[in-house]
Amino acid sequence: MKKIYTLFLGLMLMSSFANSQITTINAIQNTTIPNGDSPLMGNIVTTTGIVTGVNINSFAGTFYIQDGSGAWNGVYVFESASGAAIGDSVVVTGTVVEFNNLTEIGTVTNVNIISGGHTLPTPTNLTTNDAASMEEYEGVLIQVTNAQNILNNNTTPTAGFNQWDLDDGSGLLLADDDI
């Protein structure tokens, strides 16, 4: 009887995912709205992706996911109870919100960790100026080359709040130690 129950529960879980409409992260993030707000702001969505970063300081346990490489393919998930880890494949349901000009999935009602140990999407190569000013790379893994830490007042390596000003000669990018 226990085996039948387990099989039935497994079929119910697979069926519920099959019946859920998955919204791509690109559909959540890709916008032509001048202030960068998501066109799906206020909507409840179910999306899926690979965890690319987990916050270890402020808002510990919240995380980023991507469903591909490149522009418009990353989003922040403001939920910390799931225990999601870098490389986990997850399905997330929540409301698309904008907080401090950051598109995120908030008021999360479900995080299902499908499996772990996945390869992360390939980082997108950008200049520090492009990374700092381009909405389409919000939440996306990026890589900058030949960037240097700009010393604040030539005495401390941080810009405050455990953040660093990085510059590859094209402009400043503020980096944080949260992830």
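Predicted model: local features only at pLDDT ≥ 70, side-chain atom pairs only at ≥ 80, totals over all residues.
So, β8 and strand β9, residues 163–167, run antiparallel and are joined by 3 bridges.

Numbering starts from 1 along each chain as its sequence is written, and side-chain values use heavy atoms, with hydrogens and water left out.

Back to the sheet. It's an open one of 3 strands, order β8-β9-β10, with antiparallel pairing. β8 (148–150) and β10 (172–176) are the edge strands, each pairing on one side only. On average, neighbouring strands in this sheet are turned by 45 degrees against each other, direction ignored; the axes are lines fitted to C-alpha atoms, for helices over the stretch in contact, and angles run from 0 to 180 degrees between N-to-C directions.

Now over to β1, β2 and β3. β1 and β2 are antiparallel, with 4 bridges, and I50 stands opposite Q66 in β2. β2 then pairs with β3, again antiparallel, over 4 bridges; there, Y64 faces Y76 in β3. β3 also joins β5, in parallel this time, through 2 bridges, and the bridge partner of Y76 in β5 is E104.

Are the faces of β2 buried or exposed? Both are covered: F63 and I65 on one side, Y64 and Q66 on the other, all buried. Buried, by the way, is under 20% relative accessible area, exposed is over 50%, and partly exposed is in between, with a 1.4 Å probe and protein chains only. β3 has both faces covered too, with G74 and Y76 on one side and V75 and V77 on the other, all of them buried.

The largest nonpolar core has 15 residues, and V51, F63, I65, V90, V92 and I105 have the most contacts inside it. The criterion is buried Ala, Val, Leu, Ile, Met, Phe, Trp, Tyr and Cys residues joined through side-chain atoms within 4.5 Å. α2 (25–29), β1 (44–54), β2 (63–66), β3 (74–77), β4 (89–99) and β5 (102–115) each supply at least two of its residues. There's a second, separate core of 5 residues, including L126, Y137, V140 and L173.

How many aromatic pairs does the structure hold? It holds 3. Rings of Phe, Tyr and Trp (its six-membered ring) pair if their centres lie within 6.5 Å; planes under 30 degrees apart are stacked, over 60 edge-to-face, and the rest tilted. F59 and F78 have ring centres 5.2 Å apart and planes at 65 degrees, so that pair is edge-to-face. F59 is in the loop between β1 and β2 and F78 in the loop between β3 and β4, 19 residues apart. F78 is partly exposed, at 35% relative accessible area. Y64 and Y76 make a tilted pair, 4.9 Å centre to centre with 45 degrees between the planes. Y64 and Y76 are both buried. And F59, Y64, Y76 and F78 form one aromatic cluster.

Methods: Pairing = 2+ DSSP bridges.
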